[in-house]
Amino acid sequence: MWFVTSDQTFLADCRARLAFDLLGNTWNCVVLWALRHEPRRPGELRGRIGGISQKVLTETLRRLEFNGLVARRSYGGSPPRVEYELTALGRTLLDPIDAFGAWAFEHGDEVVAAQDDYTRDF
C-alpha cells in the first residue's frame, strides 16, 4: 500500500496522512465544496454553510490557504473586500470530496443505525 513501509510500519511523515488530515477536518471539505464554482467573500461562505461560526470559518480558510488549497484576494476600497477561491491544487480535491459525499449519501443511514445500536448497548 502507499502509506506503509515494506515491513507494514505506518510512516509518521506519510503523505497519505497529510491527505487524510486535510479531508478528515469536516470544515475543510465543506469550505472547499462551497468554493467549487466561484470565488466567494467570507460572508457569502457563512451564508452557504450552515452551522459554521465566523471564528471557525476564518481558521479553516487560513488552514486551507496555508496548505495551498485556496487563495485569498484582497481588494482595496472602502470598505476593503476579501475573496477566497480554489487554487488548481484545491480543485484536485473536488473529486475525492464528491466520492466521500456519494458514499455518505449511500451509507449514511447504515452509519446512523450502527451509532444508535452502539449507544443503545451502553
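Biologist: Which helix gives the most to the lining of the largest pocket?

Modeller: In this predicted model, helix H1 gives the most to that lining, with 4 residues.

Biologist: How does the lining of the largest pocket divide by class, into nonpolar, polar and charged residues?

Modeller: The lining has 7 nonpolar, 2 polar and no charged residues.

Biologist: What makes H1 roughly perpendicular to H2?

Modeller: The axes of H1, residues 15-24, and H2, residues 26-34, cross at roughly 75 degrees and come within 5 Å. Angles from 65 to 115 degrees count as roughly perpendicular, and therefore H1 is roughly perpendicular to H2. Asp21, Leu22, Leu23 and Gly24 of H1 make the contact with Thr26, Asn28 and Cys29 of H2. By class, this contact has 3 nonpolar, 3 polar and 1 charged residues, with Gly counted as polar.

Biologist: Why is H2 also called roughly perpendicular to H4?

Modeller: The axes of H2 and H4, the latter covering residues 54-66, cross at roughly 80 degrees and come within 10 Å. Because the range for this label runs from 65 to 115 degrees, H2 is roughly perpendicular to H4. On the H2 side the contact is made by Trp27, Asn28, Val31 and Leu32, and on the H4 side by Val56, Leu57, Thr60, Leu61, Arg63 and Leu64. These residues divide into 7 nonpolar, 2 polar and 1 charged.

Biologist: How do you know that H2 is roughly perpendicular to H6?

Modeller: For H2 and H6, which spans residues 94-120, the axes come within 10 Å and cross at roughly 115 degrees. The label covers 65 to 115 degrees, and so H2 is described as roughly perpendicular to H6. Cys29, Leu32 and Trp33 of H2 meet Leu94, Ile97 and Asp98 of H6, a contact with 5 nonpolar, no polar and 1 charged residues.

Biologist: Is the crossing in which H2 passes H6 left-handed or right-handed?

Modeller: H2 passes H6 in a left-handed crossing.

Biologist: Is the peptide bond from Ser78 to Pro79 cis or trans, and where is the place of Pro79?

Modeller: The peptide bond from Ser78 to Pro79 is cis, with omega near -5 degrees. Pro79 itself lies in the loop between strand E1, residues 70-75, and strand E2, residues 81-86.

Key:
Residues numbered from 1 in each chain as written. Predicted model: local features only at pLDDT ≥ 70, side-chain atom pairs only at ≥ 80, totals over all residues. Heavy atoms only, no water. Axes fitted to C-alpha atoms, helices over the stretch in contact; angles between N-to-C directions. Helix = DSSP H or I, 4+ residues; strand = E, 2+ residues; numbered from the N terminus. Parallel < 35°, antiparallel > 145°, perpendicular 65-115°, else oblique. Contact = heavy atoms within 4.5 Å. Left-handed = near helix turned anticlockwise from the far one by under 90°.
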